[in-house]
Amino acid sequence: LLFQGHLVPQDYGEARKLLEKAANRGCPEAQFFLAKIMIEGLDGAKAPAEGLHWLRISAAQGFQAAIQAMKPNKQDGQQQGGGYSPPAARSSKPTP
């Protein structure tokens, strides 16, 4: 709820704290969203290396969003953060 701002004001800092607890307990969804906060710096503090660590752990557990995020970008063929790039960094051009 805090991550998406549903029913409560959006608060990435508080979301990060709660996601860290769940991620440390092995929840792949929490690991993915924690990675997103860290890589994109949504709470104001970018930590791309640590975010990539959590993204890899989530993908290793089979979490599909993390697996997709780990794939190289088709537009440039390079992996950015293991294939993950923040939405703002992605090209808005459609892929053929």
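Helices (H or I, at least four residues) and strands (E, at least two) are DSSP runs, numbered from the N terminus, and methionine 70, for instance, has its place in helix 4. The structure is a predicted model, in which local features need pLDDT of at least 70 and side-chain atom pairs count only at pLDDT 80 or more, while totals for chains, interfaces and linings use all residues. Residues are numbered from 1 along each chain as its sequence is written, and side-chain values use heavy atoms, with hydrogens and water left out.

**Figure 1. The protein chain has four helices and zero strands.** Read from the N terminus on, the elements follow the order α-α-α-α. Of the 96 residues in the protein chain, 34% are buried, where buried means under 20% relative accessible area, exposed over 50%, and partly exposed in between (1.4 Å probe, protein chains only). The accessible surface, computed by the Shrake-Rupley method with a 1.4 Å probe and, for residues, with only the protein chains shown counting as cover, comes to about 6000 Å², and 54% of that surface belongs to carbon and sulfur atoms. Among contacts (heavy atoms within 4.5 Å) with a separation of 6 or more, residues 24 or more positions apart account for 32%.

**Figure 2. The predictor's confidence along the protein chain.** The mean pLDDT, a confidence given to each residue from 0 to 100, is 80 for the protein chain, and 67% of the residues reach 70 or more. Among the elements, the lowest mean pLDDT, 93, belongs to helix 1, and the highest, 97, to helix 3. Over residues 87-96, by contrast, the pLDDT is below 50, and this stretch has eight contacts in the model beyond near neighbours in sequence. Where pLDDT is low, the predicted coordinates should not be read in detail.

**Figure 3. Helix 3 and the elements that cover its buried residues.** Helix 3, which spans residues 48-60, has 13 residues and reaches 18 Å from its first C-alpha to its last, close to the 18 Å expected at 1.5 Å a residue (the expected span being 1.5 Å times one less than the number of residues). Gly51, Leu52, Trp54, Leu55, Ser58 and Ala59 are buried in this helix. Seen down the axis, these buried residues fall within an arc of 165°, so they line one face of helix 3; the arc is that of the directions from the helix axis to the C-beta atoms. Ala49 and Ala60, on the other side of helix 3, are exposed. The cover over the buried residues includes helix 1 (12-24), helix 2 (28-40) and helix 4 (64-70). Just after helix 3, glycine 62 takes a positive phi of about 90°.

**Figure 4. Helix 1 and its buried side.** Helix 1 likewise has 13 residues, and its reach from first to last C-alpha is 18 Å, close to the 18 Å expected at 1.5 Å a residue. Its buried residues are Ala15, Arg16, Leu19 and Ala23. They cover an arc of only 100° around the axis, which puts them on the same side of helix 1. On the face turned away from that buried side, helix 1 carries the exposed residues Lys21 and Asn24, whereas what covers the buried residues includes helix 2 and helix 3. Leucine 18 also lies in helix 1, but this residue is partly exposed, with a relative accessible area of 45%. Leucine 18 and leucine 34, 16 residues apart in sequence, are 9.2 Å apart in space, C-alpha to C-alpha.

Figure 5. Leaving aside neighbours within four places in sequence, alanine 30 is in contact with Leu19, Ala22 and Ala23. The C-alpha atoms of alanine 30 and tryptophan 54, which are 24 residues apart along the chain, are separated by 9.1 Å.
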